Every structure is written in C-alpha cells, then in structure tokens.
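Student: I should like to examine this complex step by step. May we begin with the contact between the chains?

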Amino acid sequence: MFGFGNEYEGLAFWLPLIWSGLIAVAVAMYVIVDGFDLGVGILFKAAYSENWRDRMMFSVAPIWDGNETWLILGGGGLFAVFHIAYAVLMPALYVPIILMLIALIFRGVAFEFRFKSERSKFLWDNAFFFGSLLATFFQGMVLGAFVQGFSTDGRQFTGGTFDFLTPFSVVTGLSLICGYGLLGSTWCVMKTTGELEIWARRMAVRFLIATIIAMAVVSVWVPFLGRQIEARWFSWPNMAFLAPIPLITIYTAYRLFRDLEEGRHYRPFFLAIGLFLLGYLGLGVSLFPYNVPPNLTIWDTANTVNSQLFALVGFAIVLPITFAYTAYAYYVFRGKVADEIQGGGYGYH
Amino acid sequence: MELDALMLSRIQFAFTISFHIIFPAFTIGLASWLAALEFNWLRTGNPLYRNLFRFWVKIFAVSFGLGVVSGIVMSYQFGTNWSRFSEYTGNVLGPVIAYEVITAFFLEAAFLGIMLFGWEKVGDRLHFFATCMVALGTLISAFWILSANSWMQTPDGYAIENGKAVPVDWFRIVFNPSFPLRYAHMVMGCYITTAFAVAGMSAWMLLRHPHDAPEAKLAASRRSMSMALWFAAIFVPVQIVIGDLHGLAVLKHQPTKLAAIEGNWERMSNMPLRLFAVPDEEAETNRYEIGIPKIGSWVLTHAYDGVVPGLKEVPREDRPPVWPVFFSFRIMVGLGFAMLGIGLWSLYLRWKGTLFTNRTFLTATMLMTPSGFGAVLFGWFTAEIGRQPYVVYGLLRTADAVSPVAAGAVTASLITFLVVYAFVFGFGSYYLAKLLRRGPDPVEDIRGDDIGKKPKRPLSVPDEGIEGRPGHRAQPAE
C-alpha cells in the first residue's frame, strides 16, 4: 500500500528540481524570518535602555520559535530528500554547525529566562546578544564554506575538520552579521515608536552601508572561487540575462536608503528582504545545480523517486496550511509594540 | 573502551537526547493539561481554573523553550555525527522526519505565540483553539518521531538496494510492527509524567502552608493535585497493560533485546521472574539471582510453560550490553509500580476524606515528582541500549553508522554540550523553582470583580519578574 513506483524516468529528473526549489524557498524563509530576529539580537547590546531592550525583545518573542522552525525544515528537508547531500555536508561543517547550535541555545533560552529574572537579567541580555551574533557569524561561515565547496570522493567527505575556515568564510560570516543587522534594524523601525524607532533608523542606515560593502566584496570574490562560476556570470548570453541582478540590487539599496531618510515605517523592512533575496538569487545562479559544490549535483544526491514523491505529497497538502496559520500568527501580532512593557516581561497586555 | 569518534559520538548522542527527551515528555502532557484547564475555565467561569492556567502556562513556556533549543541540536546530529546512518536510512526516514517538521513543529510554534501572548488579541475561543493546536502539535510530533524510532527497532516496508534501505510500502514503514504500541506507551508515559509532576508540585505547595491556611491559598493547588491524581489512578493501570502488550511485541520482533531485558541466557520455558540479578557477560550467567519461578514465562507469554529466548542463541558480537538493559528495565517497572501505589493510596484517602491533609501522603507524592521523568528515561535506555549492537535492528550496526569526523572535534563538542547544558539546565531549574515557590495566584484576589462573568482581562500570561522582593506581584493591568 502507498508505494510509488520507481519506473517514471522523467520524475527522476524533475523531482530533484522541484525539491531544490522547495528547499530554496524554505532556506529563504529561514534567512528572512530568523534573519530579522537574530538581527534584533545583534542590535541588542547597543540599545540605550532597559525599556528599549524589553520592547525589542518583545517584538519578536511571540514569533521567534516559528522562525527557528524553518531552520529545522532546512536540515530536515535536506535529510528528507537529498539525504546524500546531508550526509556529506554535515560532517564537513561539523564545527560551525555545532557552534551555531550552541549559540542558538543561548539566545533561545534568553527569551524565557530574561523575562523571569531580575538580578540575573544582565546574564540573559548577554546570552541574547552573543548568542544571536555568533549564531549569525557561524551561519555565514557555513554559507561561505558551502560556496567555496568541499573535497569529496564519490559520496564521502574527504576533507579535514577545519576546511571550512578560510578568509572567504570569515568574510561571509561578517557579511551575514551586517545583513541580519539590517533586517533587524528595519524590523525595529517597523515595530517600534519614538526614540527607539529613530535610533533603529540610524542603525539601519549604518547596517545598510555595511551590507552594501559586504555584498560588493563577496560578489567580486565569488566568481573567482571556481572557474564554473566565473564562466556562468561572464559569458555571453548569460551576462545579458544576469546583468539585471546587480542593477536591481543597486536600485533597491538606493530606495531603501531614501525610505529610511523619508521616515517610512514598513517599506524599509520589505526592501531589506528584497536585498536579501537578490543576493540569494545571485548565489543560487552561481551554484546551481550543485548542492555539494563543486562535485555533487541535486541529481547525484537525491533520494529515490518513491521517497521524494511520498514527501512531496505531504508538502503539497500541508505546506499551504502551514503558510496560512504562520501568516495568521504574524497578523495577530501586527502593529507597533507598546512603549511600556509592564511587569518587566511579556504579560503586559 | 576506546574513546574514538564512534564512542564519543555515542556518548554525545545519548547525553543530548536524554537531556532533550525530559522536556517533550513534560510538555506533551502539560499542553493537554493546559487545554483541560482552559476548557474548564471557559465552561465554568471559575477563576480557580484561570489562575491554574496562568500558573502552569509559565512552567510550560520555560520547559517548551528548553525543549525547542535542545531539539534543534537533534535534527542536525543525525548528519554531523551519524552521516552513514543518514545515508543508509535517508530514503526511508528522511521523509518521516520531514513530516514531523511540517505537520507538528510549525503548528506548535505558530500557536504557541498566540497561546502565550495573544489572549487579549484573539479572544477566548480562538485562544482555546490555539491551546488545543499546541497540544495537538505535541501529539503529532510524538507520532512521527516514534514512527521513525520504531522503524529503527522493527524495520518494515523497505528493500535493500546498493547497500541502502529504500522505501517500498509507506504504510508499512510508518505503521511498522512495534509503532502503534510504542506510540501509545510513550504518549501515556508523557501524560503520567506530567500527572506526577503536577501532583507532586501541588503537594509541595500544600505542604508549605498549614492545612488550616485560608481556603483561597490552598484551593488551586488542591484542585490541580486532585485532577492529576485522578488521572494517575485511572491511567497508570492502563499504562501497565500497554507495557505488558508491548513486552509481547518485543518478544516476537526483538528476541535478543528481550533476553537481555530478562537476563535470560539459555532458551527456556518456565522462566522465573527475575527480581534481581547481576548479569555476568564473561561467564554468560547471572549472579545473586532472586526470582519467582515460572512467573517470568507467564508475564511474557501469558503461559507458565511459555518459551523465552536466550542470549546464548546469538553470537556474543550480536548481543546488547546486558546489565544496563536489565537494570534500566527494572528501574522503569519499579517506578511504574510505585506510581500505581500512589494512585491506589490516593483513592483510599479520597474515600476517607483526608487526601489533602495526610502529610505522609503529601510528602510521598511530592517525592514522586520526578518519577515519571525517571520512568521515561529508563524506558528509553532499555529500548535503545537493548537494540545494540544495531542502530537499525538487524540491518545496520551502530559502529557502521558514524560520520567520518575527527575524534578531537567530537571531544570538543561533547565537552561543550556538557558544560552548556549544565549551565542552561541549572538556570532553567532555578527559574522553575522560583515559579513554583510563588505558586498560583490566590483565588480571592479576583473573585470579587469577575466571578461568573466574562473577565475583561483574561489570562494572557502576566509574567512579571519573579526574583527579588517576596510577595511582590504585578498589579492587575487595568
């Protein structure tokens, strides 16, 4: 019962494509939603007062858990349909992934513990800040290591523990801090009022400038990591199709800067997301169809057709529902956070 | 024992999963407990239920948070430390795990926010719906993860192609032979764990006040203890029956595990029920054995002359380590019968009318607070160690499942996890203890203005700081 045949040759080609699209969406969702709440953590230490920190934390407290679930979907989804990629990537990225998880533990418990502490509050302020900062940094290193590729032999990782650690991955780590900082500060512009909002605006401009510099550095660096990537960007007619990506990116950044100056509340956040998606698209173009660069493609690492189909049936039914109630949860907590968080925590309303 | 990447990864996995399972075991039960409290509050308008909800939801939030962060670690460890396991089973278990994420984790996470922070924004009915969805999410999550783990115990519906498991029949994979009973056993175990935690903590709060203290101070704790003990009295016997049926299934599908559980070396009929023994793996025999003749066979096969398999039937290298399995199982069963005792005692005291005043009983109930956690942990030790030396029973050895990672990297990560979990768990326990010391709000505070009518400000978790000034509470936020 419920077995799907493996005889459909065409599916063996199309399913990995569909699945890489779905996982790309899941990862993009993760980067956006956990990006802004990690970004709020990155800004945390610089906030001027206890009240500011309360409000910033409260703006993400009801939704952070759902945001982090996309990270589980990223790992779980890779295991689900590209289990060979999962089996090669995870040991190769052992150190940065474990460190990212540890950092996420600290910032995750900070949500609960901080609101329940008085004397030990500083501890969880720090846990939230350093946890968010380091989780972002190691995520960026994972990204950098991914882009620069892995040494593999067949379907085994053959490199060393610290292969991930290169100047390039350090730069991508720092870049992601800038990017998440931008998402976090534009989120604060959208969700807060008064002096905190003005301050968040100022921070957003700084992070925007840093993000632009980071994107420029990475964009110049990436094509020279491997010949395939260089050929993809700088050959005709690809160049004509791909030229709009950097051009739209430049325009988006300019628009975002203007919006922050003009005092808009919502659009900066969405433009920051747009900036992220453009960068993401650029990386996607550079790497496709490899999910263990530079040797293994999505077809090399995919599950059997039967396995992919079973997962796809579930995703097709459940994912729209998931999107709907996740959107509803966001809708419930729409609007600006109150100026005063009473009772030192999240029971004010 | 050589401390190579394999052994270190096993220690790390055992440690992180044991730490993790404590929280789901508690929150699966607590979520349903909260739904029951909120249902009663909406049905009766009795503020006592509201205060209880407000109190237990804080405990829930802390436990759930710890469960989430320790759970994310699990979903990556399959790859970081057990990549050959992932490669071998990915075609089968990958989709099962993915189903857990999309059907359960998102449901829990989205509605958790509304449950903790959204009461005033969404109104009573939707809030109750959110609480129910969180509870449902915990049960769905347990469904998939138990299915995946049960497939590792009793694999079915697969074929082996190119040295890897590939799916053939998804129904037989998800509903593999050991799954239905193990799911029932685990969910019931979680509910009972919560029942004893709630009863024990309530008993502690009652013990802290003299029994002639004002009714308002005691009412909420009395009610929660009473509800929890009703649950225990009814469902601990049910759990014992499920456990017995599960034993029959283990006998059928995992005879070697069963032999280790029983400390049975020779295949035999009329096996004694071994209450105590020290299994000696070198000599392949038990020392200091104390048993009741024939009862062992009867318990396992429901016949006195039933035949029970022995460890010697398989070569040494295919046997699990005997003594951890043997003792873990006995500790679990012992705790189960202690719980049964508390349940029966509570019925007797109810009949006598001294349930809330018998201090010996209250002290015993308080001491039983962690009993469910112990039973769940030792039950899992039995299940997981009993499956050794295989990670997928009969198919893949644990030694063949480990990642190509350096022992040094695993040593470092293991030490980091030990330190970080000790730190986080320490503070978590400290804040839970603070919450418990405060207890639910006395009922008289609110009775005056909103008994019998819809409260203007229902219970969206007023969660004030709990350190510092004793007796300080946030004022009702009018």
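**Interface, helix and confidence**

Tutor: In this predicted model, 68 residues of chain B are in contact with 71 residues of chain A.

Student: Which element gives the most to the side of chain B that touches chain A?

Tutor: Several elements each supply at least two residues to that side of chain B, among them α2 (47–80), α4 (119–153) and α13 (407–438). The greatest contribution, 22 residues, comes from α3(B).

Student: How far apart are the end C-alpha atoms of helix α7 of chain A?

Tutor: Helix α7 (residues 167–191) of chain A is mostly covered, with 20 of its 25 residues buried. At 1.5 Å a residue, its 25 residues should span 36 Å. The model agrees with this expectation, because the end C-alpha atoms of α7 of chain A are apart by 36 Å.

Student: In which helix of chain B is confidence lowest?

Tutor: The mean pLDDT of chain B is 84, and 92% of its residues reach 70 or more. Confidence in chain B is highest in helix α6 (residues 179–208), at 92. It is lowest, at a mean of 45, in helix α14 (residues 444–450) of chain B.

Student: Over which residues of chain B is the pLDDT below 50?

Tutor: Where pLDDT is low, the predicted coordinates should not be read in detail. The stretch in question has 66 contacts in the model beyond near neighbours in sequence. The pLDDT is below 50 over residues 446–478 of chain B.

Definitions and conventions: Residues numbered from 1 in each chain as written. Chains lettered and ligands numbered in written order. Predicted model: local features only at pLDDT ≥ 70, side-chain atom pairs only at ≥ 80, totals over all residues. Helix = DSSP H or I, 4+ residues; strand = E, 2+ residues; numbered from the N terminus. Expected span 1.5 Å × (residues − 1). Buried ≥ 20, exposed ≤ 12 C-beta atoms within 10 Å, placed from the backbone. Contact = placed C-beta atoms within 7 Å. pLDDT = per-residue confidence, 0-100.
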